[in-house]
Each structure stands twice: as C-alpha cells, then as structure tokens.
Amino acid sequence: MNLTLKIWRQKDAQSKGKMVDYKVTEISEHMSFLEMMDVLNEQLINSGEEPVAFDHDCREGICGMCSMYINGEAHGPDRGVTTCQLHMRMFKDGDTITIEPFRAKAFPVLKDLVVDRGAFDRIQHAGGYISVNTSGNTQDANSLPISKHAADEAMDAATCIGCGACVASCKNSSAMLFVGAKVSQYALLPQGQIEATDRVKNMVAQMDLEGFGNCTNTGACEIECPKGISLDNIARMNRELLKANF
Amino acid sequence: MSVLDSKVPKGPLKDKWTDYKNHIDLVNPANKRNIDVIVVGTGLAGGSAAATLAELGYNVKTFCYQDSPRRAHSIAAQGGINAAKNYQGDGDSTYRLFYDTVKGGDYRSREANVYRLAEVSANIIDQCVAQGVPFARDYGGLLDNRSFGGVLVSRTFYAKGQTGQQLLLGAYSAMNRQIARGKITPYNRHEMLDVVKVDGKARGIIARNLVTGEIERHSAHAVVIASGGYGNVYFLSTNAMGSNATAAWKIHKKGAFFANPCYTQIHPTCIPRSGDYQSKLTLMSESLRNDGRIWVPKNMEDVIAIREGKKKPTDLSEDERDYYLERRYPAFGNLVPRDVASRAAKERCDAGYGVNATGEAVYLDFASAIQRYGKEQAKIHNITNASADKIYELGAAIVKAKYGNLFQMYEKIVDQDPYKTPMMIYPAVHYTMGGVWVDYNLMTTVDGLYCIGEANFSDHGANRLGASALMQGLADGYFVLPYTIGDYLSNEIRTGKIPTDTPEFDAAEKEVTEKINFFVNNKGTHSVDYYHKKLGNIMWEKCGMSRNSTGLKEAMVEIKALREDFYKNVSVPGNANEFNSELEKAGRVADFLELGELFAKDALEREESCGGHFREESVEIDGEQEGEAKRNDKDFAFVSAWEYKGEPGEAVLHKEELEFNEIELKQRSYK
C-alpha cells in the first residue's frame, strides 16, 4: 500500500518543531508499524536526509520503549498493543497517518518522536520498592503463602511496562494509572504492606512535583493502555492514600 | 602452562563456594564508601549487581543505552527461572540442577561455576519473593512450577509469560531504593564506548551521552560489564534492536579474552520470518512446549495442499501427522533441549516438509492440551456429559491463563488465532553462550574488569537450558559478584579517587572521538543497516544451525571484505554532538563486523559438534544415535579463549582444559 505520513520533526529540546509530510510506497500489510518507519528512514538516509528519530528496542511489546501518538491515539488504532506490535494491516492503501510524539508537560520532547520519560523513574525512586537487602538469608519463599487471587491481581498491576501511553491519552496528562499500578502491586502483597503508607504518600508527592495532572475518571488511559491496566488501580491508590493520611 | 588461570578453589565440589566465602578478604563499611564501581548494563545481571553493591556501601554508577534501566532486554524473557527448590517433591536437588546444566551444556562448561550457580539458585527465589515479585501461585498460596526442555523435573518458577519482566522490575526496584539513597547514580541513554586501563587495571570508561552526544569520562576502582549477548551479529534475532556487543568487544580489544564465540543458541520456537523488511524475530516461550506438540504433515501431498491453502492443518487426522520430536526422542518428546529441537525442525524443513510459503515453519499445536485440560476441568467442576464445545471452552481458559499473553502476541503478529489453529514456528537466534572469558571470580583477563550475565561465557557450556539465563544473571549479580569483587577491592582501600585528567583517559577519549568523527564525515553511499543485513545473511547461511569447514572459511573472507567496504562506503547522516541513532548503530555494527569474523574462526577451529555448534563433518554415522551430533572429548574438551592481536582473524587461541571430576562425560541422549 502507499501512504502519506505527517510526522512531527523537532531538532532538539530547544528548537521549535513542525509537521512534515512524507510518502512511502509498497508497504506490506504484514509489516509492523516500526518496520514501516524503518522503510521511511532507509529512504531518507539514501536521499541524504536525516532519518526520523523514534524510541524503540525490544519490538515485542514488553520493554515499553516505543511510544508515538498515531492518528490521535497512543500506540495507534489497535487495542492491547504497543506501537511495535501495531501492524500495517490496520491501515488501508492511500491513508494519511499522523504521527506525533507523546504530548505531556512532564514528558519533554528530546528529538522528533523521542520524549523524556525520566519523570516515571523519579516517581519510582520515591518509593517504588520494598526495602529488603540482598542477604541470601531472607525467609524461604514458601514460608508465607499468598492467596492466588491476590498474587494474580498483583501480577495484573505489575504488568505495566511504563510506556507512558496513559499520560499521553489523558486530557489532564495524569500519571495516575501508572502510579496506581505500582502502588497496587505492592499493596496487594504482604511483603509490600509494611511500607505501604510511606510509599503511596511519597510516590504521589513526586508525581505531583513532576507536573502530571489529576484524574477526572474519563478512562481514556485504560482504553489505550497496551497492557490492559485497570482503572481499579487508581481507586486502590486513592484508597491507600486516604488510609495513609488518616 | 596456559596463561589462563580459572582460580577454581580447591576442595570438594560442594564445599568450594562456602570455603571460598569464608576465606576471602572483606572491605570494612567505612572503606566501601571510598570505593567506586561502574556497572555497564542494567539487565538482570547488571541491575542486581548494581543494587547489591550499593547496598553493601560502594558508590555505584550504572550505564544503559535505554531511557530507563527497566527496559534492558532481560525484560523480554518469558518462560521462567530455574531453582533447585524441590517444592514439587519430584526428586530435584542442587546436584540434579548442576548435572542437568552441565549435561544440557554438552559438557563444555566449568563444573565449579555451574555447581555454584545451582547452589545459589534457591536463594534467588527467596530474594525475589521478598522484593514483591508476583510469581504464579497455586490455590493453596504456594509457588507454582512448570517444566522446561532437557530436564525431568518441574523446577521453573514463573510469572505468566512475563517472568523476565517481573524479575527485572524487581532488580530495578532494588536499584531505585539505592538511587533514592544516592548510592547509585544512573546514567541512562548513555553508551560505553571504551574501557580505560591504568597500570594494567580497569579504572574507568569513556561513555557517550546519547541525547547530547557529549563524550564523558568516568573513573572507578573496578568496572563490571553486564551488557548482554551478541546475537544481533545475525541482524535478525530475538534480541532487542539496540542489543549490542560493543562493551564486550571493546574490552576484548583492550585485553579481555573472548571465549567460545561460536556457541550460539538457535531457539526452536520463534515466529517464522515473513519478508525482507523484517527487523527482528519474536520468540514464543519454550514453556509452550509443556503443552504444545510439534509436528509437520507425514505426506508431501498434504504439505503442498496446506501451502496452497487447499487444506488446513486442522483437517489432518492424527495418523497424517508426524510428531517428529515424539517419534525421534520418546523419553523427552517435545521437551528435548533447544539445540536438538531446532536441528530437528531444520531437518524436516530441509526435507521439504515446512508448512508455510517459505518452507521454513513447523506446527506447534495446543489442541491436545486444550482437550486434556478441558476434561480435567469438567471433572473438577462436576460437569458430567460435557459437550465438546464446553470441554474446549474450559480447556482454552486454562491455556489462556498459562500462556495468554504469548497467544495474544502471536495473534497480533501473524493474524491467526492459535486457540483455533496451530501456531507456526521456526528456529531463530536467541542467546549466546559464548562471551568474555572470566575466572571463578567472574574477573576477565584484565585486573579489576569483571563480566557477568550473558556477556560472559561461564555457565552454559555449548548450549543453555531454558529458564537458566534468568537464573545465571541474578546469581551473578545478587550472590556471586558482590563477594568476589570485594576480595579484589580489599586491595584498593588506599588507592583514593581515580583521576580522569590523565594520559590514559586522554588517549581513550581521543580514540573514541576520532572514530565518531570518521563516521559522521564519511559520507558514503550505503546505510548502516545495509551492512548489518549483509553481515546477518553471511552469519545465518554459513555460521547458523549447521556449519562446515568450507562455509566457515568463506564466511571469514566475506566478513573481512564486508568490513573493508563498510569503512569505505558507510553513510551516517547527522552530527556527532546530537541525538543520532544512525551513529549509535554504526559503532555497534562496526564491532559486529569484527566479532563475526572471530565467530567464524572459532567455529572453524572447533572440529566437533557440541551443543549449539553443529559441524556437518562431525555426526554419528551408525547405531541408535545415527545422524545426531558427535562430540569429540579427546581433542576438544576445552574452552577456546581468544586473545586480540590487531585483527580478528589473527586472534591467538588459548585453551582452558575442562576437568570433569563429578560428572562422567557421556553422549547426550534424549531418546
């Protein structure tokens, strides 16, 4: 298929950016979206132009490195996938595809489609851990049974890949789905409950400091999340925060 | 005598590690505060090492090319992590895990290292659970296990099909705690481009800030390389796009020997390639072989009908299918080790039985498992006379709970529903057992320079068993390196801060800068990917699943010629002092173009078949094992450690003879 791409080009964090049009031809429906971008870049390099910078790494939907806001949706039109797993069979010959970086105050653009998601790391530094040293003599893993239900729910929350689609999809640029998932994973496990109070307070404080907005229960984040992280996690985070403050 | 000293402690195998820990020198807590350690790579090995070293009190700097340590490619490991817990009471033990790993590695690993790995494996699970890793559990609340290839027990712990992700997030959380305390300084979007040696010791690195392009100097009392494997030398592999050998290759050029580069794991269950534009291959976890049965049609007419779309795989009756692994290896069936399963798939496809348009695919079928689970569930839920649809529904739900994310991934890529029709799979490059040579302390042949995880060569011999990479990465990082590095650093307490304004740092930085300037000024005619794909093609065709002397000799010549062409004609757009993905790739591919040649040379010199290294000249010609790989213990029971001498083709071979005192060398039989 032949496509027109409208892509955000921005030289670096300081420069102003703009949308630029490109044409790509003979795109196979079996290609992934990023393979289509590879074709464009190869074309640009061969004609002496600078390729489009974009983040990507594992290309199997788990590292969370790839981003892109495609036709107004984080990770594009398919559900439950990251951009690297989005396939060109979702598009038709002659389509015009608009490709922007994730847009949020807390995610400044570094170049073209690459944004800085360091804010997510800093939120995790604030409390995204259980304080246990590597000693080699922690108790036996089976000495504390955990209900399958709780373990499975913790796992569902822990599935978050930290890509930032929730922030990009939110009209308030809220990071609450991300933070809620992390708070939930630990709150659901007995190992995490000891520090639960400080954790939720510190992580939420850091989240606010980074300039993310608040949640107004629109639910776009849940729809666009490539890993299906549930809004329940935001509710659980709010409950944990209320518990922590009283 | 060999220049290689493995430094394996004396004494009985089972006491070596305990005795060693009792007798090493320690560094007191006050002195640890004055000692700096650099860790390059933040996957399971690097992340766990960085966190543990920081907990101990050292000042740690971590480097990763991704935008966050959490994105290292360990995150993509799916199936699980082994540990000799014997929670299932099925006869597992430290010894059995040790034995399976040495046997699975085709007797080409160091006994003492592997025993230590098995010994610390149980602690890893305890540690991860304490960190909040949500492993799968049974209804009683205890940890669940599954089985992997090459073993007869269930010792694999897992978190759905995302075990690597959960373990890495565990290590990352441990890092976060130390970052918050100021004990780890993370340098994300940074790439190490050389190691700096002072008086023969590793004293720092030169790194490039990938956002600004700035070249930075970082000093330390010891440097740890945990940068992963070199599978991307094949261009197409299951590795991440950015996975590279640059850190490992740069230290090789500065004196660290490179061991067994030809030991590469071609994983049997990956999604087949679909076209020339393909940028990477996707693994379908080996855990699927617990429940999936691998087959091709028995009759050529059916193969042709399927390729032409006239028949569907589900149209074929049981006796029209060739479950070739069950046929050839009745004892292990679909759970033979990876190298055996991959070669068997290639054998069927080479014979013309491949089931897709390219002829390079076999089926992995879950219909039997769905039936089996469905009937079991019907019984559990007291459903008598369950309809076929009900049984299917109940069975599919169990399969979904076990492998749901893998099935979803498959469906998104291939556009077929694996609950309804068998998956198509084909082998792909997945893991590299070879790597930087290290002694028992995980130190390379350069003082103060360590190498851990997939980047080193140490524990998997010529073939790695499933779910053992996660085990090794975390064992090295959490439980081995923190002891062994202390023994070395105990001699550094009077050294003081290492300055970076020295001639050694000047020289290393100059070399790095010149190379970068060369690339951006070359203005050639071909992209970096053009060369990477060409290299990958040579590697796959001539150094792939089966190798022979003629092909390997050709590969060496072709890779050298390709490298020369690369330096003449490569084109790298953009500048040095900016975010420049093409420049990053150029440096990595330049190193692969050297590594590939050494790879071929190593494969050529090893005139035996062992593990992932299959030489067509070395097969069993008769008897029960006819056609199977033939190892040659008399002439090749050694580690090939290569010393760099200016050109990869001129590397000098040093042999570390492997001694087997606990395990008798046998031909691996999975029949």
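pLDDT is the predictor's confidence in each residue, on a scale from 0 to 100. The model is predicted, and here local features need pLDDT of at least 70, side-chain atom pairs count only at pLDDT 80 or more, and totals for chains, interfaces and linings use all residues. Residues are numbered from 1 along each chain as its sequence is written, while chains are lettered from A and ligands numbered from 1 in the order in which they are written.

Colour chain B by confidence: its mean pLDDT is 96, and 100% of its residues reach 70 or more. For the model, ipTM is 0.98 and pTM is 0.96.

Next, select the contact between the chains, where two residues count as touching if their C-beta atoms, placed from the backbone, lie within 7 Å. Chain A supplies 66 residues and chain B 65 residues. On the chain A side, the elements giving two or more residues include α1 (33-46), α3 (148-158) and α5 (176-187) of chain A. Helices (H or I, at least four residues) and strands (E, at least two) are DSSP runs, numbered from the N terminus. α1(A) gives the most, with seven residues.

Now move to chain B and show the open sheet of five strands, in the order β11-β15-β14-β12-β13, with antiparallel pairing. Strands pair if DSSP finds at least two bridges between them. β11 (264-270) and β13 (321-322) of chain B are the edge strands, each pairing on one side only. Zoom in on β12 (residues 293-297) of chain B, which two bridges join to β13(B). Pro297(B) stands opposite Arg321(B) in β13(B).
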